Each structure stands twice: as structure tokens, then as C-alpha cells.
Amino acid sequence: IITETDLFKVLLTQLGARRAGVRLTVMVPNTRGLLAKVTQAISAVGGNIVGMAIGEVTQDGATRWELTFKVQEVDRERLVEALRPVVDKIVDVREM
């Protein structure tokens, strides 16, 4: 039997919730190769992705992706500056 607690534990693990680092949520268009560009930008500034979630969002008739990452080994401001040219919108950034 899979319980709600089991599912919550999996979610915490996939999002890297129990690890220190920067949690960043961004919006991007549903475009082939864009996830690769985002992860390459994170890697280029020395970031190590330890958690990730992807969700589909429909706004104003357009389908977009909301990407949430937990990233270690990079300064918050450096990470934001690396992603600004790659994403449409930075929704949330916080050190956890």
C-alpha cells in the first residue's frame, strides 16, 4: 500500500528539499531543447542540480513550463544572472 506519506517523501527527495542550496523557480516556453539550455547555464556557473520538478502551466491560452531546481555550489546572484537570458521569467529564488 502506498500512502500519502510515501508520496510526500518521494516529492521531498525529488525536489532536494532536505538539502541546503538555492531553490529557483522559472517559467519557460514549451520549446524543444530549452531544458538543456537552462541546465547548461546552471552548470556553466558551477551549479550542481540536486533536485528538479517540471510542471505544465497554461496562461492566456499558451502552454509554458514551470521549472523548479534545487542547486548547490553556486551563489544565488550568480545563478540568477546566468539564467536571466535563458528563461522568460524568474518566479522565485530563495536560499534554503
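Modeller: In this predicted model, four strands form an open sheet, arranged in the order β2-β3-β1-β4 and paired in the antiparallel sense. The edges are taken by β2 (48-59) and β4 (89-95), each of which has a single partner strand, so one side of each is left without a neighbour in the sheet. From one strand to the next, the twist averages 15°.

Within the sheet, strand β1 (residues 22-29) and strand β3 (residues 62-72) are joined by eight bridges in an antiparallel pairing, and valine 22 has valine 71 in β3 as its bridge partner. The pairing of β2 with β3 is also given as antiparallel, over 11 bridges, and here glycine 55 has glutamate 66 in β3 as its bridge partner. β2 and β3 form a hairpin with two residues between them, and aspartate 60, which lies in the turn, has a positive phi of about 50°.

Which residues of α2 are buried? They are Leu34, Val38, Ala41 and Ile42, and because they cover an arc of only 100° around the axis, they are placed on the same side of α2. These buried residues pack against β1, β2 and β3 of the sheet, and also against α3. On the face of α2 turned away from the buried side one finds the exposed residues Gln40 and Ala44. After α2 comes glycine 46, whose phi is positive, near 90°.

In α3 the buried residues are Leu79, Val80, Ala82 and Leu83, and they cover an arc of only 165° around the axis, which puts them on the same side of α3. What covers these buried residues of α3 includes the strands β1, β3 and β4 together with helix α2. Arginine 78 also lies in helix α3, but it is partly exposed, with a relative accessible area of 49%; the limit for calling a residue exposed is over 50%. Although arginine 78 and isoleucine 42 are 36 residues apart in sequence, their C-alpha atoms are 9.4 Å apart in space.

That brings us to the contact between the helices themselves. Two packed helices are described by the angle between their axes and the distance between the axes. For helix α2 (residues 34-44) and helix α3 (residues 76-83), the angle is about 145° and the axes are 9 Å apart, and α2 passes α3 in a right-handed crossing. On the α2 side the residues that meet the other helix are Val38, Ala41 and Ile42, while on the α3 side they are Leu79, Ala82 and Leu83. Sorted by class, this contact of α2 with α3 has six nonpolar residues, with no polar and no charged residues.

Technical notes: Residues numbered from 1 in each chain as written. Predicted model: local features only at pLDDT ≥ 70, side-chain atom pairs only at ≥ 80, totals over all residues. Heavy atoms only, no water. Axes fitted to C-alpha atoms, helices over the stretch in contact; angles between N-to-C directions. Left-handed = near helix turned anticlockwise from the far one by under 90°. Contact = heavy atoms within 4.5 Å. Nonpolar A, V, L, I, M, F, W, Y, C, P; charged D, E, K, R; others polar. Pairing = 2+ DSSP bridges. Buried < 20%, exposed > 50% of the residue type's maximum accessible area, 1.4 Å probe, protein only. Arc of directions from axis to C-beta.
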